[in-house]
Amino acid sequence: MPKKLCLASLISGLVLVVIFIPIYILNIVLQDFQVKSFLDYIEIPYNTEFETNPGQVCFGNKDRCQEVNITTTGEVDTSKLGEYKITYTYKYKTKTLVKDQTIKVIDNIAPIISLETDNFNVCPQQENITLPVKAQDDYDGDITDKVEQYVTDNIIHFKVSDSSGNTTELTQELDFSDDEKPTLKLNGSSTMYLRLNETYREQGAKAYDNCAGDISNKIVIKGDVNTKKTGEYKITYSVTDNASNTQSLTRTIYVYDTNNNSNAAGYKEIYLTFDDGPGPYTAKLLDILKKYNVKATFFVTNQSITKGYDNLILRAYQEGHTIGLHTNTHNYNIYRSVDAYFDDLYAIQEKVKRITGYTSTIIRFPGGSSNTVSRSYDNGSKIMSTLTRAVEAKGFKYFDWNISSGDAGNTTSTSQVFKNIVSNLGTGSYIVLQHDIKGFSVNAVEDVIQYALAKGYSFKPLTMDSYAVHHHINN
Ligand code: ZN
C-alpha cells in the first residue's frame, strides 16, 4: 500500500470522527424527549366529558417543551362505568414514544333514601319493624330492595349502597305505643231467639288486636241464659289487649214460649193486623204465624193485587185468624157518600162470606178513621164523623191501631219495621198495623213474634169483644 493513500485515509477517518460523529450524537441528544405531567391512571365521574390528556413533551433535561405529533387510539364511553384505555403515540423526527393511560369511569354520587310514611307509631315489643321507604340512585335507578332496616333502641336505621359502594344512611325516631282497641266480633247473631227449654250454645267471639294479632283466647264472657224461663238475657264479651285497650260487645237472647201464648199476666197483648191483602207474601206470613201458633187479623180487600189469592182468605180463616173487612176497592172515592162506602163494604163482606161462609163485621177504614183524605171526596159532608157512627149502628165494629209499622210510609226496611213495632211496646194492649202486600214488612214478623213472646206478650186475633183502638176523627 502507498504511503500517500494511507495518510489520506487516516485524515478522512479523523474528519469523520471529529465532525460527523458529534453531529450525529448531538442530533440524537436533540431528538430525545420525554413526556411530563402524564397520568397513567385517572378517574372521572360518569356522564362527564372526557378530554385526552397527553401531558407535556419536553426535550433533554431542560424544560424545553413543545408540541409534537401525537396520535391517540382508544375510546372512553362515559355513560358506562368501567375501565378504558387510551394509547398516546408521540412522534418527533425519528423518535417514537408510546404511553398507555387507564381511565376509570366512576359513580361517586350516593343514593337518596326517602320515607314513604309519616306514621312512626309502632306496637310495643314489636319485632322486625320495617317502614315503607324508597331508595333511588342516580346510576342504578330504584334500589329500594337493597335498603337495610334495623332498629336500635327507639331509632330505626335505613342504609343502602349503590353498585359502586356509595352509601347513604338515614335514621328516624319511632313511637312505641298502642292506643288502638282490639276488634271484637261475635260468632253468630247478636240477637238470638230461643224456645223455652231449647239449649243455649255459646258460640263465642273472635278478637283481633292490631299489635298482638288473634287474642280470641283472652275474651272474657259474662252472663247466663236460663232457657227454662222466658225473658231477655244478655251475654257480654270483653277483651283487653297488652296496652289495656278494652273492647266489649253484648249478645241479647230472648227465650220465648210458643205454648204460653194466651197468658194475660201484666196485660201485655198484641193484635197483629195486616191490611190490603191477600197478596204474594200472605202465604209466607201464614206459615210464620202457624210456626209460633200466633193468631192475627187480616183486613182484606179485593184490589187487583189480591187477584188469585182468594184461597189465602180461606186458609187464614181456617187457621184461626180473623178476617176483617177493609173495603172492596180500597179506592178513597168510596168516601164520596155513605151509600158509596156501604156498597163497597158490603161487596167485600159478601166476597168473604162466599169464600169462608163467615159474615165478618170487623172493619177497618181505608186510611183509618182519622184520615183526612176523605175531605177530598165528601164535598164537606164530614163523612168520617157520619160513617164511624153509621157502621156501629149497622152492627160493625171498626178498629184503628196504636202501633204503626210505618210500612205504608217512609219505612222501607225490615229492620226499621221491627224497630218501629217493638220500640212502642210497653204494658198494655197493642193493635199493630202492617200490610201483608209489603214483603219487607212480612219479613219482620218472625222477629217481632220471638221478641214479644220472650218479653211475655201474648198474641190475639181481633174479635167483636176486643177493645177497639179508635183514632180522633179529623173529618
Ligand atoms: Zn189500606
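With which residue do the side chains of Arg364 meet in a salt bridge, and at what N to O distance?

Modeller: The partner of Arg364 is Asp275, with 2.8 Å from N to O; a salt bridge here is a side-chain nitrogen of Lys or Arg within 4 Å of a carboxyl oxygen of Asp or Glu. The model is predicted, so local features need pLDDT of at least 70 and side-chain atom pairs count only at pLDDT 80 or more, whereas totals for chains, interfaces and linings use all residues. Residues are numbered from 1 along each chain as its sequence is written, and side-chain values use heavy atoms, with hydrogens and water left out.

The Arg364 pair links distant parts of the chain, 89 residues apart: Asp275 belongs to strand E23 (residues 268–275), while Arg364 sits in the loop between strand E26 (362–363) and helix H5 (383–393). Helices (H or I, at least four residues) and strands (E, at least two) are DSSP runs numbered from the N terminus. Both Arg364 and Asp275 are buried, that is, under 20% relative accessible area, with exposed meaning over 50% and partly exposed in between (1.4 Å probe, protein chains only).

In total, the structure holds eleven salt bridges. One of them joins Arg251 to Glu202, whose closest N and O atoms are 3.6 Å apart. This pair also connects distant parts of the chain, 49 residues apart, with Arg251 in strand E22 (residues 246–256) and Glu202 in the loop between strand E17 (191–195) and strand E18 (205–209). Arg251 counts as buried because its relative accessibility is 0%; Glu202, at 35%, counts as partly exposed.

Asp287 is in helix H2 (residues 282–291) and Arg315 in helix H3 (residues 310–318), 28 residues apart. Asp287 is partly exposed because its relative accessible area is 45%. Asp287 and Arg315 also belong to a network of salt bridges that includes Lys290 and Glu319.

A further feature is the zinc ion, which Asp276 (OD), His326 (NE2) and His330 (NE2) coordinate at 2.1 to 2.2 Å. These donors follow the spacing D-x49-H-x3-H along the chain. His326 counts as buried because its relative accessible area is 2%, and His330 is likewise buried, at 16%.

How values were computed:
Donors are N, O and S atoms within 2.8 Å of the metal (3.2 Å for Na, K and Ca); water is not among the atoms, so sites may look incomplete.
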